Amino acid sequence: MALTDKIQQLLGEVASFVATNEAELEELRLKYLSRKGIINDLMAEFRDVPNDQKRLVGIQLNELKASIQEKFNALKQEIISHEDVDGNLDLSRTPYPIALGTRHPLSLVKNEIVDIFARLGFTVATGPEIEDDWHVFSSLNFADDHPARDMQDTFFIQSQPDIILRTHTSSVQSRVMETQKPPIRVICPGRVYRNEAISARAHCFFHQIEGLYIDKDVTFADLKQILLLFARQMFGADTKIRLRPSYFPFTEPSAEMDISCNICGGKGCSFCKHTGWVEIMGCGMVDPNVLDANGIDSKIYKGYAFGFGVERITNLKYRVSDLRLFSENDQRFLEEFTSAH
């Protein structure tokens, strides 16, 4: 039988190929497409075809090989589809290879802080990032000429001069005091905005967590104890704290809190500027003017408040030297926290 006749016969057989499982499909492959298969034998016969016929026969031979390969691929896909329908589909597999993401270091630290205060009886309160002057400044005892009200410090909405991007999460405390009656025990995590130049040590937005406790007979000793418990839970049982007098419009008396350097253990190093101490937050007793402005009788109730930056705590915990890394979404940086979940 001439080679062209064999090719035409095999082209007719291709449509009748049947395979219901992988074993039968492999038999087809070995019979037609392997090194000892029919196509390889036809290629050997092709060498004896007269030169004036080789072009036509070569085209037919290539069409046959392509036709068999297409039929083989179609049967293979059909077998795979049937296996999936029969219940062999692995539903845990991703549709395509993709690396799993990780939690952001700020989220890791924020969740840890929230968990610590939750165990101490604090609940989470949230509020809008676009705020009004009353909740950000006036209700918190900021004077009309306070520098924070200047455009150099705060982002104002140009068309509405009383609408701003909140500069601290204390605005959430104000909203809580307006709507809840004491006792109040909340922490307020969230993003805040300041009109500052972006650098390794500063950014125009960052994250804060502020706490508020209001009840009868609340004292500064209560504040000190809760902050000591937090510091030891966050940085280790040997952590020490110290409170230094300071000033904030919404607390009186006010203080800044330092912790013993968790890198050198308080002995002094370049990180703590050889003092053995690192500042982490501001705190104080809620000013009576703030209580009265938000509808709480300052003659009956007292309270304390504190606030700190999540980036600051994250730097202390993971020693991140450049604040810009937290917002640049560099995959290499984020992958360093895979094991910190």
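Contact in these legends means heavy atoms within 4.5 Å. Helices (H or I, at least four residues) and strands (E, at least two) are DSSP runs, counted off from the N terminus. This is a predicted model, with local features needing pLDDT of at least 70 and side-chain atom pairs counting only at pLDDT 80 or more, while totals for chains, interfaces and linings use all residues. Residues are numbered from 1 along each chain as its sequence is written, and side-chain values use heavy atoms, with hydrogens and water left out.

**Close-up A. Helix 1 meets helix 3.**
Two packed helices are described by the angle between their axes and the distance between the axes. Axes are lines fitted to C-alpha atoms, for helices over the stretch in contact, and angles run from 0 to 180 degrees between N-to-C directions. Here helix 1 (residues 3-14) and helix 3 (residues 38-46) pack at about 160°, and their axes are 11 Å apart. That makes the pair roughly antiparallel; the cut-offs are under 35 degrees for roughly parallel, over 145 for roughly antiparallel, 65 to 115 for roughly perpendicular, and oblique for the rest. Helix 1 passes helix 3 in a left-handed crossing (the near helix is turned anticlockwise from the far one by less than a right angle; clockwise would be right-handed). Look for Leu3, Lys6 and Leu10 on helix 1, meeting Ile38, Leu42, Glu45 and Phe46 on helix 3. Sorted by class, that contact has five nonpolar, no polar and two charged residues (Ala, Val, Leu, Ile, Met, Phe, Trp, Tyr, Cys and Pro count as nonpolar, Asp, Glu, Lys and Arg as charged, and the others, Gly among them, as polar).

**Close-up B. Helix 5 packs with helix 8.**
Helix 5 (residues 105-119) and helix 8 (residues 220-235) pack at an angle of about 135°, with 10 Å between their axes. The two helices are therefore oblique to each other, and helix 5 passes helix 8 in a right-handed crossing. On the helix 5 side you'll find Val109, Glu112, Ile113, Ile116, Phe117 and Arg119, and they meet Phe230, Gln233 and Met234 of helix 8. By class, the tally for this contact is six nonpolar, one polar and two charged.

**Close-up C. Helix 5 also packs with helix 10.**
This time the angle is about 100°, and the axes of helix 5 and helix 10 (residues 310-318) are 9 Å apart. That puts helix 5 roughly perpendicular to helix 10. Pro105, Leu106, Leu108, Val109, Lys110, Glu112 and Ile113 of helix 5 meet Val310, Glu311, Ile313, Thr314, Lys317 and Tyr318 of helix 10. The contact divides into eight nonpolar, one polar and four charged residues.

**Close-up D. Lysine 110 sits in helix 5.**
Leaving out residues up to four places away in sequence, lysine 110 touches Pro189, Ile209 and Val310. At 34% relative accessibility, lysine 110 counts as partly exposed (buried is under 20% relative accessible area, exposed is over 50%, partly exposed is in between, with a 1.4 Å probe and protein chains only). Lysine 110 and glycine 309 are 199 residues apart in sequence, but 9.8 Å apart in space, C-alpha to C-alpha.

**Close-up E. Aromatic rings form pairs and a cluster.**
Rings of Phe, Tyr and Trp (its six-membered ring) pair if their centres lie within 6.5 Å; planes under 30 degrees apart count as stacked, over 60 as edge-to-face and the rest as tilted. By this rule there are 14 aromatic pairs. One of them joins phenylalanine 326 and phenylalanine 333, edge-to-face at 6.1 Å centre to centre with 70° between the planes; both residues are buried. Phe117, Phe122, Tyr213, Phe230, Tyr304, Phe306 and Phe308 make up one aromatic cluster.

Proline 183 lies in the loop between helix 7 (170-179) and strand 5 (184-193).

**Close-up G. Asparagine 141 and aspartate 217 have positive phi.**
Asparagine 141 is not a glycine, yet its phi is about 75°. It is found in the loop between helix 6 (133-136) and strand 3 (156-157) and is partly exposed, with a relative accessible area of 30%. Aspartate 217, also not a glycine, has a phi of about 60°. Its place is the loop between strand 6 (205-215) and helix 8, and with a relative accessible area of 70% aspartate 217 is exposed.
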